[in-house]
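Reader: I am new to this structure and keep meeting terms with cut-offs behind them. Could you take me through a few?

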Amino acid sequence: MALVGVGASTVRVFDVSGVAGASEPEAIGGLTGGLAKRARRKAELSRGVDLLQDFECPTVTSRVKATPDGEHVFLSGSYPPQLRCFDVRQLSLKFRRHLDADIVDFQALTDDWRKLAILTADRRLVLHSQMGTHFSVRVPRFGRDLAIHAPTAEVFVAAAGAEAYRLNLERGMFMPPLRTRSGASSGGSSRDDARGNNVVGVNPVNHLVAFGGDGGVVEVWDPRTLTGAAGRDQPAGRLDVAAALAAVGVSPSERPGAHPAAPSPASVTSLRFDAADGLTMGVGTGSGHVLLFDLRSPRARLVKDHGYDSPVISLKLHADGRHALSADAHALKLWGRSAGETVAVVEPDARIAHTAVPGGSGLVCVAVEAPRVRSYYIPALGPAPRWCSHLDAFTDEADEAEEAARRARRVASAGGAAGGSGAGALPVGGAADSVYANYKFVTDTELGELGLESLKGTPLAKPYLHGFFVDLRLYRKAADAASPFAYDEYRSRKAAEAVAREQESRIGAVVAPRKAATPLPKVNAALAAGLLAAREARKAEKARRRGGAVAAVTPAAGAADTAGNMEVAASADATEPNDALADERFASLFTNPDFVVDETDQRFRQLNPQKAKQADEAAVAASGKGARRRGRSIQ
């Protein structure tokens, strides 16, 4: 997680893309101890944080979109053409689907991932269900953009030419196309193949449909007034984008020497409605300008120059109502919608293809002409999504580190001598080198055992996953107060272990050889006895099935036979499956007192009712014997 760009002194942009396969810097190899650990952690943080596992396409990522419910994120890529769906709850890939042609655009038909409409480069509109491809239909002209109109269950397709097509999903047929002026070429171009509508948008409040293209105008249509007669329907209104650009000194004619496939300066290349008021509409042009319109006025309320003389390919009006994000092939800009002031600028290392803001949060996902999606977190734009809320903890610690650095600089500038002994002074950069390096993770139960339950809801106990992060110094003090004799018990236990090891090394008396029973461990002896009995039963069963091929070792056998039988038994023990006594993974179960099985515990009695019943019967029998003995003694 690295700071990649700032637009103002109080606005920061963090790169949370992560870099797969990044190698360790060579300079770390010459460090040792704590310096190497700190440098390695700092290099890891500078490489970024992986939000979603394998959040990329094989060669190029062209589109990135989140479902309306915010539970899934889709990627479309090329070489080979495919669509990938990521589950944000699992932070990993859910599925991927391959197609026959490159994906131009796609939209979710429902709030989740189950139904999709995909526009491909071979003039096809493909409908997908949760099982895969459901239906495919040919579009009359090459499509450029599509939008879903939920009230009428229609898919609007902006395509080459002056006509806009609409497929009714309820009837399963194309409705009469809409003839638009927005699809006509502006600036005197004679290239018929370049004319057409580039974008289509649906107002989420009043459900108006807007088209923008090479005509230099934006046409707004009301689907409720469409009669279905070809050529007779008229738009509800038009906004003249070319006139708004001319008012700020931008010529709508094509630039000399421009590429033949480049859009004209007045062409509409992106379009977006405000989901809050339903009246504000943003329009991006081929000249690199963004215009904000009020649908009640024909004049542009704000004209923002993106500054790169490149078409604006993506435009987002943020849900906070104060910011807008626009992107061309070179940079992503965050700016204010009231005066157009630039707040932050990010220039990725590859050309931008598309952007997305999941859930109206502070996270911005940018699809670039590279496999991996670039993700940026802007705290000033909003909080992180729920599925990556840990980003807020990173920024909180960065704020604390900056405050500590400023405090240390103030102390150093004031006199220098007070910098090392001043209360609360921290080394510059010490907290920023590692995330939570001075914190201890404790569960909710451990927090109660330490007597720190009152810290819940305060900055001293930061919630994370199934527990809390507590300052390491506070944790040590609380642990010492909760168990003041823990160190004495630790010393006594270590001394007893040393005495036991010394006694084991002594030479004992020589006794006659005999078959020694397997010693039971001191911890969970009953459990070990049961496992040994089960092992012997399995060995006896195997010997019976093999016809006595495996014989038991007896004291009367010769030395050679004894060694051979011991080898057979050892090999049988080594290959014994599901043997917890011989498995190193369960060694602590029979050596560490912390793993003692409490057979009087209520949960153990519920899981082992037969053993609980036997224990109760044994206790009743023992109490009866004791009563009889007491009766005899009284007599």
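Author: Gladly; we will go through an aromatic cluster, then a helix, then a cavity. This is a predicted model, where local features need pLDDT of at least 70 and side-chain atom pairs count only at pLDDT 80 or more, while totals for chains, interfaces and linings use all residues. Residues are numbered from 1 along each chain as its sequence is written, and side-chain values use heavy atoms, with hydrogens and water left out.

Reader: How many aromatic pairs are there by the rule?

Author: Seven. The rule pairs rings of Phe, Tyr and Trp (its six-membered ring) whose centres lie within 6.5 Å; planes under 30 degrees apart count as stacked, over 60 as edge-to-face and the rest as tilted.

Reader: What makes the pair of phenylalanine 74 and phenylalanine 95 edge-to-face?

Author: Their planes stand at 70°, with ring centres 6.5 Å apart, so the pair is edge-to-face. Phenylalanine 74 belongs to strand 4 (residues 72-78) and phenylalanine 95 to strand 6 (residues 92-98), 21 residues apart. Strands here are DSSP runs of E, at least two residues, and helices are runs of H or I, at least four, numbered from the N terminus.

Reader: Why is phenylalanine 74 called buried?

Author: Buried means under 20% relative accessible area, exposed over 50%, and partly exposed in between (1.4 Å probe, protein chains only). Phenylalanine 74 has 2%, so it is buried. Phenylalanine 95, at 16%, is buried as well.

Reader: Which kind of pair do phenylalanine 95 and tryptophan 113 form?

Author: A tilted one, with 5.4 Å centre to centre and 55° between the planes. Ring pairs link Phe74, Phe95, Phe106 and Trp113 into a cluster.

Reader: How do you know that the buried residues of helix 8 line one face?

Author: Those residues are Ala528, Leu532, Arg535 and Ala543. Seen down the axis of helix 8, they fall within an arc of 70°, so they line one face. The arc is taken from the directions from the helix axis to the C-beta atoms. The face turned away from the buried side carries the exposed residues Ala526, Arg544 and Arg545.

Reader: What are the classes of the residues lining the largest cavity?

Author: Five are nonpolar, two polar and two charged. Ala, Val, Leu, Ile, Met, Phe, Trp, Tyr, Cys and Pro count as nonpolar, Asp, Glu, Lys and Arg as charged, and the others, Gly among them, as polar. The lining includes Val16, Asp50 and Ser375. A cavity is a set of points on a 1 Å grid over the protein atoms alone where a 1.4 Å probe fits but cannot get out, and lining residues have an atom within 4 Å of a point.

Definitions and conventions:
On a 1 Å grid over the protein atoms alone, a cavity is a set of points where a 1.4 Å probe fits but cannot get out, and a pocket is an open set with protein on both sides within 12 Å along at least five of seven lines; lining residues have an atom within 4 Å of a point.
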